[in-house]
Amino acid sequence: MMRKLLPIGLGAIALTALIQFSFSESDSEVNYTPRAELNSSEPNFMRWAQLDVRTGEYNPAARNEAFNSLQNNASRANEMGLVFENLGPDNVGGRTKAILEVYGKPDTMLVGSVTGGMFISFDAGGTWQPHEQFKNLDSSSSIIASIHQDIYNGRIYVGTGSNFDALGSPSWPGYGIFVSDDDGLTFTHLSSTTPDNRNTNGGDTWLQVNRIRTDSVGNVYAATGKGLKKSTDQGDTWEDVIFIDQAMTFPTTAEFADVLVMTSGKVVASTSAGSIFYSDDGTAGTFEKVTQSGMPSGGMARTVLGGTPDNDDHFYCMFIEGNSCFNSVYETNNGGGIWTSVLFPFDDFTPMNNGQYCQGEYDAAFGVSPVNDDIFFLGGITLWRYDGNLTRVASSFGSPPFQDVFPNYVHSDQHYVYFSPNDPSRVYVTGDGGIAMSENDGTTWQGLNKGYTSTQYYSVAYANDGDMILGGTQDNGTLVVLGDNESDPKVGFSLSGGDGLGCDMSQISQIIITSSQNGVVYRIDAAQRNGSNFPVGSISSTGGPFNTVVRLWEDINDETSRDSVEFSVETTEIAIDVSNGVVKNYTATVEPVQPAAIVIGSSITVYSGDQILTVSEDDDEVLESTGSSKGTITYNSDGTFDLDVQFATAPSENSNIYVTFDQKFEANAVLLLESENLNSGLTSHSFEYRLEYALNPGDVILVQDPVQSILASTGGPTGTGTSGVRLYRNVLNFLENPVAIDVPGIGGSVTEMKFTSDGDGLFVGTGNGTL
């Protein structure tokens with residue numbers, strides 16, 4: 001029986017409840033999603049994004065070439081009258097390894113992102129704006145690894161390029177060191193730090209400047225990818241200070257991870273492999289290597305130093321093992337001569353372990369309180385404070401807008417701990433989620449990411465009405481900016497977590513496809529969103545390489561569709577009113593569900609409870625009953641009919657007044673049908689179908705469903721972690737879970753996919769150059 005209920009009443013409520021039960025919103029507590037365990041085919045989780053698509057090989061020059069090409073295209077766009085606008089999100093920071101509060105001017109701050117260049121704030125981090133000088137890669141670098149200010153002369157040093165932005169190789173090349181003598185307003189590149197070839201991966205000292213520190217008389221020390229460098233003239237010239245031979249003929253070219261400089265002039269430096277050197281005055285050739293039995297001295301992946309400038313006897317070193325797991329923290333209380341262990345990992349303390357493996361080479365943060373050098377903060381995946389007792393001081397897993405909602409939140413993957421030179425009780429932690437700040441020893445944290453648009457994007461998609469734009473981001477999930485958010489239109493909200501990789505959005509419905517690492521794919525119905533909350537359903541939960549690529553093909557008029565919609569000519573029942581328990585007389589204009597339907601007058605019945613009226617055998621415009629109920633019917637030229645009914649007694653309170661009738665259709669009549677392949681429970685797609693022949697009550701026909709959709713995603717056979725491609729049909733029907741169709745014969749890491757316009761073909765490109 002065809003049913004239509006007027007008013008909507010409980011039917012819509014029940015339907016809404018059903019949808020919410022089937023596809024509930026994401027849990028408020030989001031767990032950390034670890035990256036794929038590394039293997040020989042993928043030496044690090046970002047390598048695929050660094051490959052030159054023309055050769056399939058790693059080429060640092062290609063990155064700069066692509067960036068400058070975008071700049072040139074932007075200039076061309078302006079000439080063509082095209083104007084680009086930053087749409088956000090402006091509340092989610094990206095990977096960050098350096099921050100500075102200008103000495104004597106705490107409202108002026110600088111922060112360096114790993115791929116987005118430098119940002120500056122004049123309101124203590126309340127809002128940020130890009131530093132114009134770090135936009136042009138021909139004369140600067142977007143990869144900021146360290147920022148330091150000499151508080152004695154005010155000069156600010158910025159080191160670019162990093163050895164620690166990927167697990168394993170390659171390192172990320174920068175462009176030496178930049179300096180500012182006006183509190184960060186303008187910068188000059190130190191020509192003495194110009195790499196011989198900035199578009200190579202190694203072999204040049206100034207491609208990676210991991211840390212910069214100064215002493216009280218203006219000497220500058222730089223821990224670089226090719227040794228420890230010192231300048232006595234504020235960076236105009238540099239010298240090597242650590243050598244591998246006593247004659248000081250051969251300077252070390254070891255990768256130096258960190259350097260610590262004391263007010264007294266004492267210098268401590270450490271290599272990534274675990275060697276520690278110290279000197280009382282930093283003079284070349286005076287550095288001693290720590291050689292203490294039982295203490296790490298090699299085989300490490302990274303070291304991080306910590307201490308306070310005014311205590312040259314007491315400082316620390318954190319060691320990260322070759323497998324990127326936390327090894328230990330050691331301290332010395334006699335200036336580096338003797339070291340003692342402070343921390344080792346145990347069951348509840350594995351700060352660099354993401355649950356599957358460790359990544360401390362990538363994220364390792366360590367900082368000592370200038371108020372009390374017996375207190376330090378340590379972070380990686382999770383953030384801790386040590387003051388004789390070990391305390392986890394923040395939750396690290398959640399969804400944007402992060403600290404705007406959770407005062408104890410600091411994004412996982414912490415890279416740097418920094419204490420304010422103006423107020424030593426203020427501590428900053430930077431990481432893959434931007435900037436967090438605490439002024440109470442880490443009890444509560446505040447995000448400082450407004451305007452810090454440094455998020456790294458893998459993909460973008462958009463709604464055809466401009467209402468939403470979304471993108472997959474590095475370690476910040478898939479973010480969406482809502483066009484109807486008038487109060488703050490550039491705020492980003494989370495659709496799904498982990499590393500947001502490929503994404504796509506239907507242009508004929510409000511279905512969104514998002515993904516995360518290792519073949520995880522989600523389907524979201526934006527039509528059912530409540531503000532910034534979206535119902536999320538999982539399509540694939542595992543099985544694939546790190547980079548998940550998704551592509552959606554769709555058509556609302558596919559002439560080759562093999563699917564069908566069933567249409568049956570059934571008795572129609574419509575509720576025309578609801579009784580208040582008093583009124584006996586009811587009038588209504590009844591409209592068939594199908595406008596082309598011809599109502600069979602003799603079939604009309606009106607009833608409520610046990611009071612039933614039917615059409616008189618003598619006159620099809622008269623309604624009669626076995627009691628004293630009566631009524632009339634007026635047939636209108638547009639196919640509707642009017643009812644005027646008087647019941648013998650008032651129907652029961654809250655009971656419906658129903659009318660039922662049969663109908664027929666003539667040949668060439670046009671039916672309005674709904675696709676079964678595009679349905680979210682709240683939205684659907686209607687299409688017209690012209691009848692080839694007449695239909696009578698009880699007839700059933702099958703009509704071609706013109707809506708078709710196919711989703712392609714990366715991943716091998718379901719449940720495996722191998723490369724490959726999966727296909728899913730009819731993903732626009734949110735009420736059914738699509739089934740994976742594994743496509744055999746595709747090897748290598750898939751980097752791109754593209755459907756033909758008719759959806760009959762799919763091109764797949766891989767990182768090894770195979771199509």
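A disulfide is a pair of cysteine sulfur atoms within 2.5 Å, and that cut-off is a handy place to start with these close-ups of a predicted model.

**View 1. The disulfide between C325 and C358.** In this predicted model, C325 and C358 are joined sulfur to sulfur at 2.0 Å. The structure holds one disulfide. In general, such a link is a covalent bond between the sulfur atoms of two cysteines. If you follow the torsion about the S-S bond of C325 and C358, you will find about 80°, so the disulfide is right-handed.

**View 2. Where the two partners of the disulfide sit.** The disulfide joins C325 to C358. C325 belongs to the loop between β19 (315-321) and β20 (326-332), while C358 belongs to the loop between β21 (339-343) and β22 (365-368), so the pair ties together parts that are 33 residues apart in sequence. C358 has a relative accessible area of 7%; because buried means under 20% relative accessible area, C358 counts as buried.

**View 3. The open sheet β6-β7-β8-β9.** Four strands make up this open sheet, and if you walk across it you meet them in the order β6-β7-β8-β9, with antiparallel pairing. The edges are formed by β6 (144-149) and β9 (188-189), each of which pairs on one side only.

**View 4. Strand β7 against strand β8.** Here residues 156-160 of β7 run alongside residues 177-180 of β8, in an antiparallel pairing over four bridges.

**View 5. Strand β8 and its neighbour β9.** β8 also pairs with β9 in the antiparallel sense, over two bridges.

**View 6. Which way do the side chains of β8 point?** I177 and V179 point one way from β8, whereas F178 and S180 point the other way. This can be read alongside a general rule: in a regular strand the side chains alternate between the two faces of the sheet. I177, F178, V179 and S180 are all buried.

Conventions: Residues numbered from 1 in each chain as written. Predicted model: local features only at pLDDT ≥ 70, side-chain atom pairs only at ≥ 80, totals over all residues. Heavy atoms only, no water. Pairing = 2+ DSSP bridges. Buried < 20%, exposed > 50% of the residue type's maximum accessible area, 1.4 Å probe, protein only.
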